[in-house]
Each structure stands twice: as structure tokens, then as C-alpha cells.
Amino acid sequence: MLDRFQEYLTQQHLLPSGAKVLLAVSGGRDSVCMAHLFSRADIPFAVAHCNFHLRPVDCDRDQAFVRQLALDYGVPFHTTGFDTRAYARSSGMGIEEAARHLRYEWLAGQCREHGYPVLATAHHRDDSIETFFLNLFRGTGIAGLHGIRPSSTICGIALVRPMLCFSRVDIDAYVGRHHLAYVEDSTNSELDARRNRIRHQLMPLLRELYPSVDSTMEANMQRMADTGQVFDAYVKDLQSTLRHSGRSPFGFDYFYYSLAALAALSPRSTLLFELLRPYGFNAATVADLMAQLPVPATGSRFFSATHEAVVDRDRLLVVRRKDPVPPQVEVRTLPHGELPSLGRGRAPRAVEHVDADLVRQPLTLRQWRDGDRFMPLGMEHLRLVSDFLKDCKLNAVEKRHVHVLVDPDDRIVWVVGLRIDHRYRITSATRSVLRLSLMG
């Protein structure tokens with residue numbers, strides 16, 4: 001098994017020469033086997049363990065076991081504990097998702113802090129097959145049908161899985177042959193309820209029906225991975241063709257797709273999912289968007305955990321989710337006799353001047369609302385702010401960032417950064433001036 005282990009490391013190019021590897025060790029047989037193989041292969045390593053405090057007595061036992069394991073090998077030991085249930089509640093995640101997020105964030109941080117270029121986990125072939133079925137049943141693109149890949153990156157750190165060449169039977173036999181002590185992972189029943197049912201109910205049935213199912217699934221997943229490489233290259237080219245980037249004057253980046261181009265995709269559902277998947281949009285959300293194509297209603301919004309897609313006329317805008325931040329506006333009375341020149345243009349401006357004698361103070365800042373009206377500079381009749389913003393060609397996301405400066409009677413003096421109200425403009429009769437300026 002050691003020879004297979006070393007051969008797999010070489011074939012998959014998993015470890016840089018001389019790299020010291022951080023091993024994620026739960027104390028279960030898989031990670032104990034991995035640590036033993038690393039030791040026998042004379043590969044420098046350190047051990048890291050997460051205590052999720054899901055079953056305090058058992059979790060503390062596991063932590064103590066792994067601490068002693070690291071001491072026995074004479075390698076550095078890193079450990080931490082989490083209030084996983086509290087984090088799951090506060091973040092809206094399930095227990096398994098919360099534990100995974102906490103685990104990898106911390107492990108990646110340990111790699112950066114201590115200079116480990118590679119993180120290793122003890123996932124094996126059976127884990128990969130179970131992952132295939134988990135992804136298949138909950139819905140996935142082709143990337144979810146690869147199973148677990150030998151290497152990837154997570155939180156900016158190289159993550160390798162050197163045990164994927166072994167089955168659970170292989171590992172059990174190795175642990176027994178070398179009389180390795182281990183603990184039963186106390187968090188399994190908490191973290192992997194669906195996986196455990198696939199492991200203990202579905203897989204035994206499949207092995208009864210198809211005795212070679214493990215090797216067949218391994219070959220199938222490799223073919224999926226190969227097909228995925230071709231498909232990913234096509235999607236990458238499609239992204240570069242269809243996606244257009246933009247920078248808002250309100251300080252955020254966005255990109256957009258032509259709705260007509262999205263409607264013309266074939267197969268539309270699969271390709272639309274792949275275009276939006278990198279931004280966290282799931283199959284259900286993409287299906288909602290699909291149902292509205294080719295002409296979804298302007299203003300329709302679709303959400304992932306990190307991004308928002310908004311229909312804006314003939315485009316689908318995608319932006320990172322972030323609440324609008326009120327601008328900082330300075331209102332200052334200019335010294336007597338310091339008057340700006342007349343004839344200012346109507347283009348968007350970060351600094352404006354108004355007649356101080358015509359403006360009731362104090363001025364306050366708020367977001368614009370439906371029904372707001374003002375008299376844009378250069379006009380002599382009131383207009384809806386919504387119509388004015390449409391004329392300014394602001395997209396649906398930018399409109400949410402628009403603020404107005406209003407007097408105590410809630411009359412708009414300035415649509416901030418865009419236009420002052422005509423009634424407060426400087427004229428030849430102006431004697432005192434307010435300077436309105438966007439800060440930063």
C-alpha cells in the first residue's frame with residue numbers, strides 16, 4: 001500500500017518537492033492511516049485537528065487522541081474548537097455546511113500562518129463515490145459528477161487528497177495489519193446523515209446488484225472529469241464572449257449579459273447554469289430565471305449567497321450582494337463674496353453650488369423614493385425622480401444607490417452626484433452660496 005501511495009502522489013503531482021504538508025486529522029481510521037503513510041514515506045508533515053463541540057465528551061476525547069498521535073510522531077500539532085451550532089444558527093447554514101466552512105477557513109489560516117504550502121485530507125475512493133451520488137440526487141452540473149478530485153484549492157491554499165487511490169476496505173486492512181489505534185469519528189452522525197445512508201444502505205445494495213460497482217464508478221467519474229475539461233473550456237470561451245464588465249460611478253463593479261444572447265443559448269438551461277454557477281446561483285434559481293426568458297420583467301431579482309442578478313431592460317446584471325452605503329456629503333457656506341461663476345453644465349458632478357438664501361436648513365440625506373419629484377436644473381417643471389434616473393441611463397442596481405439631499409420640508413435640493421434642483425440655482429441675484437460636495 002505504501003508503494004501505491006507514493007506512486008499516486010507522483011502520478012497526480014500532489015506534493016511539491018520538499019514541501020511540509022499539514023494533515024487534517026480527525027482521529028478516525030482514514031486520517032490515522034494517512035498520517036502513518038506520510039511517516040513511512042518520510043514526507044515532512046504537521047497535524048491539525050478541529051473540535052466541533054457537537055458531542056463534547058467524544059469530541060474532547062478525539063482531540064486528546066490526535067494530540068497524542070502528533071506527539072508520538074514528533075510533529076507539530078495545531079488544534080482549535082468551534083461552537084458549531086451557534087455558528088450554524090447565526091449564518092443560516094446547516095450543521096454540516098457550517099462545520100465544513102469553519103474547518104477549511106481555519107485550516108487554510110494555519111497553512112498561511114505556519115508556512116505549509118499544502119493541506120491534505122484523508123478522503124478515499126468510497127468518499128468520492130458517495131459524493132457523486134449526493135451531488136446527483138440534489139442536482140448538479142457536470143462538475144458535481146466528477147466525485148472528489150485529487151487536488152484543488154480552497155481559501156487560496158493547495159488542497160490534496162492522497163488517499164483517493166484506496167477504498168475503505170484497503171484502509172481497514174492496512175489499519176488492521178499495522179495495528180493502528182484510532183477513534184470512531186464522533187461527528188459523523190451529526191455531519192453526514194445523508195452520506196451515511198448512502199454508505200450503509202445504498203452502496204451495499206449496489207454492490208449486491210453490481211459487484212464491480214466501485215471500479216465501474218471510478219472509471220465513470222474519470223470519464224466525467226475528462227468530459228468536464230472539454231465542457232469547461234467551451235463554457236470559458238462562452239463566458240469571454242457573452243459577459244461584459246462595467247464599473248459604476250457609485251463605486252462598484254458589475255458585469256452583464258444580453259438577455260437575447262442568453263435566450264439563444266442551446267442547450268439553454270445547462271449553459272445558463274454553468275455561466276451563473278461560479279457566482280453561487282443554484283439550479284432552482286436558474287430555473288426561475290429560465291421560466292421568464294426571453295423577456296423577464298425589468299427589475300426581477302435573483303439571489304445567491306454572494307451575488308444578485310437583476311434584469312435591467314435588455315440585460316441581466318450580476319453584482320456582488322452589498323447594501324447601498326450612504327454617500328458622505330459636506331454642506332458649507334462659502335465666505336461672503338466668494339461666488340462661483342454662473343453657467344455650470346448639467347453633467348453629473350461631485351460638487352455643486354446653490355443659493356443659500358433659497359435653501360432651508362438643515363439639509364438631510366436619504367435614499368430616493370417612488371413618488372419623489374424635483375425640478376432638474378435647466379427645466380421649469382417638476383419631474384419624477386424615477387423618470388429622471390431613467391433618462392440618466394442608470395441601471396437597476398445603480399438606482400438603489402441614489403440618495404437625495406432634502407430640506408426640512410422634504411423638498412429635494414440635490415439628487416446627489418447627478419443634478420441640483422433648478423429652483424435653488426445660482427443667479428445674478430445670489431448673494432450667499434452653499435457648497436455641496438461628495439466626500440471621498
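Predicted model: local features only at pLDDT ≥ 70, side-chain atom pairs only at ≥ 80, totals over all residues.
Trainee: Does Tyr210 count as buried or exposed, and why?

Mentor: Exposed means over 50% relative accessible area. Tyr210 has 52% relative accessibility, so Tyr210 counts as exposed.

Trainee: Now helix α10. Where is Gln239, and what does Gln239 contact beyond its neighbours within four places in sequence?

Mentor: Gln239 is placed in helix α10. Buried means under 20% relative accessible area; Gln239 counts as buried because its relative accessibility is 10%. With neighbours within four places in sequence left aside, Gln239 is in contact with Tyr257, Glu274, Leu275, Pro278 and Tyr279. As for Tyr257, its side chain and that of Gln239 are joined by a polar contact of 2.7 Å.

Trainee: On to charged pairs. How many salt bridges does the structure hold?

Mentor: The structure holds 27 salt bridges. One of them pairs the side chains of Arg207 and Asp126, at 3.2 Å from N to O. Arg207 belongs to helix α9 and Asp126 to helix α6 (residues 125–138), so this pair ties together parts that are 81 residues apart in sequence.

Trainee: How do Arg207 and Asp126 read for accessibility?

Mentor: Arg207 counts as partly exposed because its relative accessibility is 29%. Asp126 has a relative accessible area of 6%, so Asp126 is buried.

Trainee: Which residues are linked with Arg207 and Asp126 in a network of salt bridges?

Mentor: The network links Asp126, Asp127, Glu130, Arg168, Arg195, Arg199, Arg207 and Asp214.

Trainee: What about the salt bridge of Arg247 and Asp253: are these residues buried or exposed?

Mentor: Their side chains meet at 3.0 Å, N to O, in a salt bridge. Arg247 is exposed, and Asp253 is exposed too.

Trainee: And which residue does Asp421 meet in a salt bridge?

Mentor: The side chain of Asp421 meets that of Arg423 in a salt bridge of 2.8 Å, N to O. Read each partner separately. Asp421 counts as buried because its relative accessibility is 0%, whereas Arg423 is partly exposed, with a relative accessible area of 34%.

How values were computed: Residues numbered from 1 in each chain as written. Heavy atoms only, no water. Buried < 20%, exposed > 50% of the residue type's maximum accessible area, 1.4 Å probe, protein only. Helix = DSSP H or I, 4+ residues; strand = E, 2+ residues; numbered from the N terminus. Polar contact = N/O pair within 3.5 Å; in protein donor to acceptor, adjacent residues only side chain to side chain. Contact = heavy atoms within 4.5 Å. Salt bridge = Lys/Arg side-chain N within 4 Å of Asp/Glu carboxyl O.
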